[in-house]
Amino acid sequence: MTSPITLQQSQIEVGEHLGTLNYWNNSQSTLSPIHFAHANGFTAGTYQQMLGCLAQSRSVYALDHRATWQNSPQTPAPQCDWASAADDLIAGLDIIRERHLHASGQVGVPEKFIGVGHSLGAVMTLIAATRRPDLFEQIILIEPVLYPSASLHVLKAMPLALRYRYLKLAKRTLLRQDVWRDHHDFVQYHASKPAFDGISQGVMYDYARYGLKPHTDQSMAFVFPKTWEAHVFATIPNVWGYIKKLKVPCTCIRASDSERWVPLKSWDKWQKIRPDLPLLTLQGMGHLAPLQQPEKVADLIQSLLSQ
């Protein structure tokens, strides 16, 4: 029986900041490593049930979003958008390739990554693969945020300050409770929230363990501040141009119960402009499918990589 591979963390310098690199090191594998980019408001550790499964066959790396980095301001600068997050990902992959893959001394380890991303992380991975195709063997995008162009034109015309007032996602995020007594308090609070339906208590405790940090002696707060989370929602980009230009092999995975996040007409547009890129559907799952059914999503990714 294969022993589980333990999540490890280290700090890496990305520009002037220290970012948290999560990794599951499979020293026996010579397969291309995975890099996983997480969704808005989370950290990679929340996904450890899925990523731990993937690490049984190859090493997995996951650089947390800039919002969580040491010395990042509590309130992001206006230019910190999804494209700049993709540039952070590119910088992180260059560092991982140099410091981890080269320094490991493993013979035959490929220098390209399997890029896997969820939601925000899927869009970051898409943009990064368009800008630096040399870094990727292929990419797998889970529930990328694909808004209709007409909606995005309206959003772009709106001043950033107004977006916080009128965009429901951003406005609601800023009002979200972000301090709890402990992990148990956090998990119990979210148990009744519809957004987290179908997520096991074990995954929710992973969310608490890796998504919270000490706030005071008697409380804990988000590692990914809600000010950043709201900013991400307020700066959703138009990615259709990147999809058209993408040269790296790509598979897109959508969830059947996620129309609130990605309307059906966006998937129709995907298939119209890129009929050459497979689009698969996870039946009975929502936008947070990798957290709702981590083993099933991992099995699907494994099956794609074994083809």
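**Exercise 1.** Identify the helices that each supply at least two residues of the lining of the largest pocket.

*Solution.* Step 1: the helices are H6 (168–174), H7 (183–190) and H9 (226–234); a helix is a DSSP run of H or I of at least four residues, numbered from the N terminus. The model is predicted, so local features need pLDDT of at least 70 and side-chain atom pairs pLDDT 80 or more, whereas totals for chains, interfaces and linings use all residues. Residues are numbered from 1 along each chain as its sequence is written, and side-chain values use heavy atoms, without hydrogens and water.

Step 2: H6 gives the largest share of this lining, three residues. A pocket is an open set of points on a 1 Å grid over the protein atoms alone, where a 1.4 Å probe fits, with protein on both sides within 12 Å along at least five of seven lines; lining residues have an atom within 4 Å of a point.

Step 3: the lining has 28 residues, and Ala 195, Phe 196, Arg 260, Trp 261 and Leu 288 lie nearest the centre of the pocket.

**Exercise 2.** Determine which residues of helix H13 are buried, and how they are arranged around its axis.

*Solution.* Step 1: Pro 294, Val 297, Ala 298, Ile 301, Leu 304 and Leu 305 are buried (under 20% relative accessible area, with exposed over 50% and partly exposed in between; 1.4 Å probe, protein chains only).

Step 2: these residues cover an arc of only 120 degrees, which puts them on the same side of H13; the arc is that of the directions from the helix axis to the C-beta atoms.

Step 3: the face turned away from the buried side carries exposed Lys 296 and Asp 299.
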